[in-house]
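Colleague: I have a new model open and would like to walk through it. Can we take it step by step?

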Amino acid sequence: MSIQAIKTAVVSEITDTEITDTKSSIETSLHLKKIPQHIAIIMDGNGRWAKGRNLKRSDGHVQGAKMVNGIVTHCSELGVKYLTLYAFSIQNWGRPQEEVNTLMNLLVNYIVQEKETFIRNQIRFETIGRLDDLPSFVKDPISMLKEETASLTGMRLTLALSYGGREEIVEATKKIAKLVQSGALNADQIDEKTVQKYLYAPDLPDPDIVIRTSGELRISNFLLWQSAYTELYFSDVPWPEFEEKDIDTAIAHFQNRERRFGLTSEQIQGGQKLNS
Ligand code: FPP
């Protein structure tokens, strides 16, 4: 079945149906009604991929950047509503300058080159993180693409750039503390919704699944607040080789999990309403 046919099926499906995506070399059946609403990906393994081929780390990032568009388009066609990619952490500023420069250039190239993909697929482009840390040759095209895609109604692609989960929580805490200090907020009124309101993207729903490529079993300061009940999936495939079929495999695993949000299996199967 072609991707377009899958897309049509997503739109027209009334009952849950299994679709076999023949783009996959291992056939993966996806329940189209259970496509995760929000997928977040830690794109890891560029450096090791390059080292294994006697290449420079930067070459790994170049190859990694080539994989991004295929995954973005595939997720959009599957009906994923939110895709968040961890492209550059606050801690990544500490890497060798040549590597940082390569990553900045790759980001700009991606943003400029794929504008048409965004428009064609109705993808809204957003970022989370300390955007002001980025050099203006990166920040300016990012701001332009955000503006140009702000009204698009398809999948929302969020790049985490100069992002850190702890830093995000610290920044939110400072804003809340200032409100308390000024008398605008009573400390006893602070709840989860208050914290959520001061995160980088308060309207971004929590990820249903965080995928990390390349075999490492860590969360690395990514979406710490938001992933409290997120399903984690670790793939051995390095990001420079991570293809559509690998996303399908991750989604198939997600679809076989039972999300309990602190309740029991019996409660979930009995249809008990979830608080979160
Ligand atoms: C982690 O691999 C990856 C990064 C720090 C950067 C990810 C960037 C890209 C995939 C390319 C540019 C992004 C876009 C959106 C165009 P690593 O270098 O830490 O790998 P290692 O663990 O093998 O060293």
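Colleague: Which helix gives the largest share of the shell around the ligand?
Modeller: Remember that this is a predicted model. α2 (46-51), α3 (57-78), β4 (82-89) and α4 (97-113) each supply at least two residues of that shell. The largest share is 5 residues, and the element that gives it is α3.

Colleague: How many residues surround the ligand?
Modeller: The closest are Gly47, Arg48, Gly64, Ala65 and Tyr110. By class, the shell has 11 nonpolar, 6 polar and 3 charged residues. The number of residues around the ligand is 20.

Colleague: Are α3 and α4 roughly parallel or roughly antiparallel?
Modeller: Their axes lie 10 Å apart, and the packing angle is about 20 degrees. Angles under 35 degrees count as roughly parallel. So α3 and α4 are roughly parallel.

Colleague: Is the crossing of α3 and α4 left-handed or right-handed? And which residues meet there?
Modeller: From α3 come Arg57, Ser58, His61, Val62, Ala65 and Val68. From α4 come Glu98, Glu99, Thr102, Leu103, Leu106 and Tyr110. This contact divides into 6 nonpolar, 3 polar and 3 charged residues. As for the crossing of α3 and α4, it is right-handed.

Colleague: How do α4 and α6 lie, roughly parallel or roughly antiparallel?
Modeller: The axes of α4 and α6 (residues 136-149) come within 9 Å. They cross at roughly 25 degrees. α4 and α6 are therefore roughly parallel.

Colleague: How many nonpolar residues are in the contact of α4 with α6?
Modeller: α4 passes α6 in a left-handed crossing. α4 brings Met104, Leu107, Val108, Ile111 and Val112, while α6 brings Phe137, Val138, Pro141, Ile142 and Leu145. No polar and no charged residues take part, and the nonpolar count is 10.

Colleague: Which residue in β7 is the bridge partner of Ile41?
Modeller: Start with strand β3 (residues 38-42) and strand β7 (residues 209-212), which run parallel. They are joined by 4 bridges. The partner of Ile41 in β7 is Ile211.

Conventions: Residues numbered from 1 in each chain as written. Predicted model: local features only at pLDDT ≥ 70, side-chain atom pairs only at ≥ 80, totals over all residues. Near = placed C-beta within 6 Å. Nonpolar A, V, L, I, M, F, W, Y, C, P; charged D, E, K, R; others polar. Axes fitted to C-alpha atoms, helices over the stretch in contact; angles between N-to-C directions. Parallel < 35°, antiparallel > 145°, perpendicular 65-115°, else oblique. Left-handed = near helix turned anticlockwise from the far one by under 90°. Contact = placed C-beta atoms within 7 Å. Pairing = 2+ DSSP bridges.
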